[in-house]
Amino acid sequence: MTEDNEDFLEEELSDPGYIDLDEENKGLYEHLNISVDKNQEPLRIDKFLLIYRQNSSRNKISQTCRAGNVVVNGNAVKQNYRVKPGDQISVLLAHPPRENVIIPQDIPINIIYEDDDLVVVDKEAGMVVHPGFGNWDGTLVNALAYHFEKNNEKSDLDRVGLVHRIDKDTSGLLVIAKTEYALSFLAKQFFNRTTKRLYWAFVWGNMQEDEGTIRGHIGRHPKNRMQMSVYEDGSQGKHAVTHYKVLERFRYMTWVECKLETGRTHQIRAHFRHIGHTLFNDERYEGHTPLRGVNLPKYRQFIKNVFEILPRHALHAHTLGFIHPTTKKELYFESPMPQDMADAVKKWRNYLEN
């Protein structure tokens, strides 16, 4: 396990009530499918779920119903619905309890929007999103816990309401909920992939097409367990689709915009490596050596200089759009290109001009 441990959560979930979630959501959402026993006596569904999932609170169940995340026989129900024998219940619970305690820490973070329901953060590269093995503190969640505590935030959440995550060395936008209802409402949008998210990436080589789609199942690499591989025949892994559009070409490197249909672990990184265009300076996928260009000392020195400017894989969560849980209006945010990627672009442009 490496320091960016949020990339590699357990692939298999032990509870048989879980269904296949995108990897970026594992540990954040819990999706239960329940078939009610034929001998079940009529019972309010909030009480039924409290018995079924004992580590949930009455408030969590109530807000989950309010957000439309409790569905019986294909229809969303309120908390006073009475469960009947044979009912088919589907529940999307946000943020299952974690064992580790979140320690508030005074760490600078770039908050670009905040209200009573949520906060949007533009995360810097190098910051782990949440505590885990090898990173029990110093994370974005620790910083947010301090921010909420400092501002005497009143919340019905017992911890920071993480809705989604991005890799440690990926920069860009994240939304965090401040109430149980907001968490449930936002979780549904991420689970159904109705949010508007675009990524910027620099990839090795000159992409032949101006836009295209990469398809191929993504699963663990058979030998290197810290990498993901693409299985075009679908024999292993899980279905994954990435759409891309070229924004600028630098002869030996291309700036692309990516839209994900699925959220598999390292999806952009694995897909582009599979088609021969590994992310620029992506050490884990061997993108940290010159993969394209002339074999001249001057060029290799130029690449070394760019690596020093951009000392991480070139991936940025550029946009984030979603429906607000209270106003029901769409919020849309754009994060400008971070300084390290912008400096790399300038250096490439100067190199080609000269």
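Modeller: Buried means under 20% relative accessible area. Keep in mind that this is a predicted model.

Colleague: What makes Arg269 buried?

Modeller: Its relative accessible area is 3%. The cut-off is under 20%, so Arg269 counts as buried.

Colleague: Why is Asp282 with Arg269 called a salt bridge?

Modeller: The closest N and O atoms are 2.8 Å apart. The limit is within 4 Å, so the pair qualifies. Asp282 sits in the loop between helix H5 and helix H6, and Arg269 in helix H5. Asp282 is buried too, with a relative accessible area of 1%. Salt bridges with shared partners join Asp167, Arg269 and Asp282 into one network.

Colleague: How do you know that Glu330 and Lys196 meet in a salt bridge?

Modeller: N to O is 3.1 Å. The definition asks for within 4 Å, so they meet it. Glu330 lies in strand S18 and Lys196 in strand S11, so the pair ties together parts 134 residues apart in sequence.

Colleague: Why is Glu330 called partly exposed?

Modeller: Its relative accessible area is 41%. Buried is under 20% and exposed is over 50%, so Glu330 falls in between. Lys196, with 43%, is also partly exposed.

Colleague: What makes H2 and H4 oblique to each other?

Modeller: Their axes cross at roughly 45 degrees. Under 35 degrees would be roughly parallel, and 65 to 115 roughly perpendicular. H2 and H4 are therefore oblique. The crossing is right-handed. Among the contact residues are Asn59 and Lys60 of H2 and Tyr181 of H4.

Methods
Residues are numbered from 1 along each chain as its sequence is written. This is a predicted model: local features need pLDDT of at least 70, side-chain atom pairs count only at pLDDT 80 or more; totals for chains, interfaces and linings use all residues. Side-chain values use heavy atoms; hydrogens and water are left out. Axes are lines fitted to C-alpha atoms, for helices over the stretch in contact, and angles run from 0 to 180 degrees between N-to-C directions. Helices (H or I, at least four residues) and strands (E, at least two) are DSSP runs, numbered from the N terminus. Angles under 35 degrees count as roughly parallel, over 145 as roughly antiparallel, 65 to 115 as roughly perpendicular and the rest as oblique. A crossing is left-handed if the near helix is turned anticlockwise from the far one by less than a right angle, and right-handed if clockwise. Contact means heavy atoms within 4.5 Å. A salt bridge is a side-chain nitrogen of Lys or Arg within 4 Å of a carboxyl oxygen of Asp or Glu. Buried means under 20% relative accessible area, exposed over 50%, partly exposed in between (1.4 Å probe, protein chains only).
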